[in-house]
Amino acid sequence: LIKKGKQNLKFESLVFFILVESSIMFLSYLFYTGSPSFPTDESVFNLYSAHLFLGGQNPYTPNLVSNSFGYYGFPLNGDSPITPLTTGGIVNSMTYPALSFLVFIPASLLHLKSSLVMLPIFSIPIALAWYRAWGRGEYVNSTMVLLPFLILVLYTYQAGTAQTDILWATLLMLSYYFLPKHRVSGAFFGLSLSVKQFPLLAAPFLLYFIVKEYGLKKGISWSIFAVLAFLTVNGYFLFLDPGNFINSMLRNEFAPLIGVGYGLSQLSFLGVLPIPRVLFSIAFFTVFAISFILYILKYQNIKYGMFIFPIIIFLFNYRLFSQYLFNWLVISLLPFLDLLSKRDVDNAPRPTKLSRKRTPTRSHVLVTTIMAILVVSSVMGFHYGIQENPGEFKITSVKVLDANATGFSSSMVINLSLNSGLVDSSQVFFRIVSVGEVTNSNMYLWHPLDKNVTIINNQAQSLIVVPDYSEYSVNTNQSFMVIAYYGSIQGSYFYRGQQ
């Protein structure tokens with residue numbers, strides 16, 4: 001390829017595509033065969049929801065999906081990929097739109113491994129990215145765009161998780177691919193939104209792009225078909241129980257899910273800095289609004305970056321997993337190819353024009369004013385978030401009990417107090433974060449031996465705490481962080497290992 005440069009590489013690009021596509025699908029199949037039947041609680045909920053739907057029941061009925069653990073024999077132990085709540089218990093309800101489980105109907109009917117349904121979908125983004133350039137005769141670009149799929153192992157690793165992230169990402173790519181056919185594009189966006197709520201982050205950017213490039217009428221038509229596609233999939237469940245369906249769609253953002261993953265929120269949920277959780281929600285929506293305003297102001301320069309902004313926005317989400325960012329990079333390959341194609345056209349010789357001094361338009365002044373209002377509102381929001389922080393747990397000492405010969409212990413005495421100006425008492429749970437590699441994203445969850453104990457405000461108390469599961473015993477020879485939490489209240493203590 002380097003030798004031929006930009007000469008005709010049509011055949012070589014086609015061969016390379018076939019090799020890459022085959023290799024990726026083979027690797028995806030290996031991850032699929034090596035993965036457990038239910039690698040995540042999401043995979044259990046999705047398959048069981050399909051089972052409920054086939055039986056004439058509504059998966060969005062509260063607590064109905066909780067039966068899935070027993071139905072499929074999903075183990076609840078220290079190695080289970082469950083989603084704990086900061087108020088105790090675990091997530092046991094459906095929180096995604098209907099296509100996230102309807103797609104697993106064949107797996108439920110035929111008793112197949114749920115991740116098998118997702119496996120063929122991994123071939124589509126590769127084909128879309130390659131053909132976007134190859135179909136326009138850009139054979140070098142069509143070859144180079146395949147390299148990220150080979151380099152980033154996470155793409156094929158997802159094949160074993162049975163999660164539907166690849167589905168919504170693929171449907172969103174199809175929505176962008178068919179933008180000239182705005183009705184088809186809108187329908188694909190509605191289907192993408194019917195899998196998970198993530199595409200909502202791209203909706204304002206994509207709609208503004210359509211209006212600017214194709215006109216207001218096409219933008220309205222695109223929106224109508226997106227809504228129709230979403231209602232086609234979800235309308236039945238919305239009609240059955242509007243309240244529970246809407247609550248399910250909002251639950252992930254507002255439920256007290258335990259902090260896990262990467263990003264800035266680690267400073268908070270790992271006990272490094274006393275940052276209230278609500279500040280991340282304020283920052284998330286503030287960055288979202290400012291990003292969209294920036295997109296409007298600098299549209300001509302960054303119009304093909306509409307799928308990059310969600311990556312920046314997600315950095316401020318309290319729960320951030322690598323696939324949240326990675327899938328947006330995959331989707332961004334299509335507009336990136338369009339940007340390369342546009343630059344080739346723009347770099348062509350053309351008559352010179354006299355430069356004119358640009359003056360601010362009325363819309364730019366309005367947008368700038370809105371941004372200033374957002375900044376002031378955000379500052380007020382951060383101040384409110386800090387003022388409304390319910391308080392903190394103050395841990396004064398941690399004493400390990402009954403360590404065995406290898407240094408592992410399953411009980412500790414923790415002395416702590418509650419300092420709050422808003423609540424008189426609170427329950428408390430604990431989380432042990434070991435120094436070094438984290439093999440369990442939830443860390444090690446512990447609870448008071450007396451499950452009915454409450455911590456009284458401004459009163460020192462001593463608790464005996466034990467792990468939720470035997471797998472959560474702690475190595476006292478190593479240092480670890482003890483985090484006390486309940487809801488938005490949190491406190492931490494660094495325990496130095498005995499060696």
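**Exercise 1.** With which residue does D338 form a salt bridge, and how far apart are the closest N and O atoms?

*Solution.* The model is predicted, local features need pLDDT of at least 70, side-chain atom pairs count only at pLDDT 80 or more, and totals for chains, interfaces and linings use all residues. Residues are numbered from 1 along each chain as its sequence is written, and side-chain values use heavy atoms, with hydrogens and water left out.

Step 1. A salt bridge is a side-chain nitrogen of Lys or Arg within 4 Å of a carboxyl oxygen of Asp or Glu.

Step 2. D338 pairs with R132, the closest N and O atoms being 2.8 Å apart.

Step 3. This pair links distant parts of the chain, since D338 belongs to helix α21 (residues 333-346) and R132 to helix α7 (residues 123-134), 206 residues apart. Helices are DSSP runs (H or I, at least four residues), numbered from the N terminus.

**Exercise 2.** Is D338 buried or exposed?

*Solution.* Step 1. Buried means under 20% relative accessible area, exposed over 50%, and partly exposed in between (1.4 Å probe, protein chains only).

Step 2. D338 has a relative accessible area of 9%, so D338 is buried. R132, at 15%, is also buried.

**Exercise 3.** Which residues do salt bridges that share partners join into one network?

*Solution.* Step 1. The side chains of R136 and E138 meet in a salt bridge of 3.7 Å, N to O.

Step 2. R136 is partly exposed at 38% relative accessibility, whereas E138 is buried at 15%.

Step 3. Shared partners join R132, R136, E138 and D338 into one network.

Conventions
Helices (H or I, at least four residues) and strands (E, at least two) are DSSP runs, numbered from the N terminus.
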